Amino acid sequence: MASNDFEKLIRYVRLHLGDGNETAGRKEIEKAWVEALKLLLDVPPTDRTFILETLESKDAATLAHLFFDLHFYFVKRSGEWIHDGTL
Amino acid sequence: MTAHSSEAKQLRPGLWETINERYPGSMITKDDLVPLARLRKPLSEARLTFVSSAGVQPKGTMPFDVAHPIGDFSFRRVPSDASPAALEIHQIKYPTNGALKDLNVIFPIERLQELAAAGVIGGLTPNFFSFIGYQMDPARFERTLAEEIAEAVAAERADAALLCPA
């Protein structure tokens, strides 16, 4: 797959996050973002030094990997976990 | 400022509607408008401060949090005698192409220094004040950032403030 083929890549990531269901994958992306947003609505204190040091000290591939881990972290935190093999 | 105040007429027609459509709930609306204070001395004798939402800050200070979905309710002090080379922009909500070539187009620090040196302005406060304009909780903005900047401006004994939205 060409790394610059956006349409195929976005379908790929939706299928991955939706366990083979593209519509579910799109919903999962939105779910993760909403879950993250909910935690910040009241603007609680956060460790920005950690965030900035991580962004500056880690390579892009590690950060990309972390990005996927964060997605699943927030999806799991939402309490609505579809990844049980039944989709 | 209300959407239909006389000040609004100076802006691009439809601006408020556009902002409310894209960022619902983000606009501050006040019915109890506080009138602007009158200048008590000639500008040539007044100490001026500058308050900007351009996200300009001294290099080496904690970058404004442009990723936060609600906003960054902090401000930075920018020494009024700083050179543009000592400053940087952390803001993603307006095109910075021009400002990156000449900071003065969005943060006219050198122009203000020149006006003070020429005596057009009586002087400048030791610091100017900068924050980012993406603030999606107007009540929090008013309660925290606006109050803190107002106190900081008063502490530097400003006679007048130049307010510049980005």
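**Ground rules.** I number residues from 1 along each chain as its sequence is written, and letter chains from A and number ligands from 1 in the order in which they are written. As the model is predicted, local features need pLDDT of at least 70 and side-chain atom pairs count only at pLDDT 80 or more, while totals for chains, interfaces and linings use all residues.

**Chain B, overview.** I went through the elements of chain B and got four helices and seven strands. Helices here are DSSP runs of H or I with at least four residues, strands are runs of E with at least two, and both are numbered from the N terminus. Starting at the N terminus, I read the order as α-β-β-β-β-α-α-β-β-α-β. Next I looked up burial: 24% of the 166 residues of chain B count as buried. Buried takes 20 or more other C-beta atoms within 10 Å of the residue's own, exposed takes 12 or fewer, and partly exposed is in between, with C-beta atoms placed from the backbone. For contacts (C-beta atoms, placed from the backbone, within 7 Å), I took those in chain B with a separation of 6 or more, and 78% of them join residues 24 or more positions apart.

**Ala116(B).** I found this one in helix α3 of chain B. Ala116(B) counts as partly exposed because it has 18 C-beta neighbours inside 10 Å. Beyond four places in sequence, Ala116(B) touches Ile121(B), Gly123(B) and Leu124(B). I also checked Glu45(B): it is 71 residues from Ala116(B) in sequence, with 9.9 Å between the C-alpha atoms.

**Helix α2 of chain A.** Which residues of α2(A) are buried? I get Gly25(A), Glu28(A) and Ala32(A). They sit on the same side of α2(A), because their arc around the axis is only 50°, taken from the directions from the helix axis to the C-beta atoms. Thr23(A), Glu30(A), Val34(A) and Leu37(A) are exposed on the other side. The cover over the buried residues includes α1 (6-17) and α4 (60-77) of chain A. For length, α2(A) (residues 22-40, 19 residues) reaches 28 Å between its first and last C-alpha, close to the expected 27 Å; the expected span is 1.5 Å times one less than the number of residues.

**Helix α4 of chain A.** α4(A) is hardly covered, with one buried residue among its 18. Its end C-alpha atoms are 25 Å apart, which agrees with the 26 Å it should span. Just after α4(A), I noted a positive phi of about 85° at Gly79(A). Lys76(A) lies in this helix and, with 13 C-beta neighbours inside 10 Å, counts as partly exposed.

**Between the chains.** Last, I checked where the chains meet: five residues of chain A contact seven of chain B. The chain A side has four nonpolar residues, no polar and one charged. Nonpolar covers Ala, Val, Leu, Ile, Met, Phe, Trp, Tyr, Cys and Pro, charged covers Asp, Glu, Lys and Arg, and the others, Gly among them, are polar.

Technical notes. Two residues are in contact if their C-beta atoms, placed from the backbone, lie within 7 Å.
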